[in-house]
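Here are a few friendly notes to read alongside the structure. Have a look at it first, then work through the points.

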Amino acid sequence: MIKLTEEIRNLKKLKQQGYRRSIPTSLPKLNEAIGGIPKGEPMTVMGFTSGGKSTFTRQIAIIDSIEFAIANNLDFKVIYFALEDSERQFHWQLYAYLCKKYLNIRLGIREFEAQTTEISEEVIKFMEHHKIDEKFNTYLKYVVWVDNIHNPTGIHKYVRQFAFNRGKFYDSGNNVLSQEDLSTDGKKYVKYVPNNPKEFITIVVDHIGLVSTEVGAETDHLAMSRVYKYLKQYACKFYDYAVMFVQQQDMQSTDLEHIKSDMWMPALSTGSKNKLIAADARIVIGIGDPTPFGIKSFEGYNVPEFGEYI
């Protein structure tokens, strides 16, 4: 007889000992709906161009997760495959967040780079006094930013090497495999054991539609399918990592008739280069920004009042 009550007790004990199956976000309603970012399961964040997909993903997968890790002494890393944005853009986003959090000052990349209003020396000294640079560098220790690998096999090998550096691979005879063994064609590994069983690793691909084609995956659709398959099969199921895909939707759903019928919001049925990726994911989050579509009111809110901070 299967006793799930015993399994529930064991899971409670593991959590008390520091083992985490998920990391909560800073959004209580989202936590209620999905339970946070889960280990061993693929997630997809969908939305149209400039709708806030990457900003949202970095908030929950990087910033929220780092703050949870710091508060709970969790061995956490996020590997961020940035196929579109630069590391500099991410740095400014993180720095803006820290300025808002600790100084209650709202700044953006245009202010940081003096494109519009310059930041005064007084404010800069205020940042130094509150050690924003130190806080910024503390956050960066948890992030592995990868912007020079775009093809499915390259992503797969990078994640495998990362796992190798933090654990052991075993073959069917329970022999520990070497680095050379892993790179040998036909050498099969059947088990992976991390050095720290309490670690929590998140992989992000942003965004998956920009994955490069390669031999055996000569179209965008096939390349996307391959990287999804690799990360689901190995990162999720084998290494027990959390995996998030950022996926852009086609703009075909933004015509007037769709907007009138409130179909401008992201949906599994409204097209992308590969619908099966979102359809297969355990959790799909749709991010919608009504501003580009000229929508003035949504869910009782006056959209223009939010300006650039929507």
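Which side chain does that of Q93 join in a polar contact?

1. The side chain of Q93 meets that of R58 in a polar contact of 2.6 Å. Polar contact here means a pair of N or O atoms within 3.5 Å; within protein, one must be able to donate a hydrogen and the other to accept it, and residues adjacent in sequence count only if both atoms are side-chain atoms.

2. Before going further, please keep in mind that this is a predicted model, where local features need pLDDT of at least 70, side-chain atom pairs count only at pLDDT 80 or more, and totals for chains, interfaces and linings use all residues. Residues are numbered from 1 along each chain as its sequence is written, and side-chain values use heavy atoms, with hydrogens and water left out.

3. Q93 sits in helix 4, residues 87-103 (helices are DSSP runs of H or I, at least four residues, and strands are runs of E, at least two, numbered from the N terminus). Its relative accessible area is 18%, so Q93 counts as buried (under 20%; exposed is over 50%, partly exposed in between, with a 1.4 Å probe and protein chains only). Leaving aside residues up to four places away in sequence, Q93 touches T55 and R58 (contact: heavy atoms within 4.5 Å).

4. Q233 belongs to helix 10, residues 220-236, and is partly exposed at 38% relative accessible area. Its C-alpha atom is 9.9 Å from that of P42, 191 residues apart along the chain.
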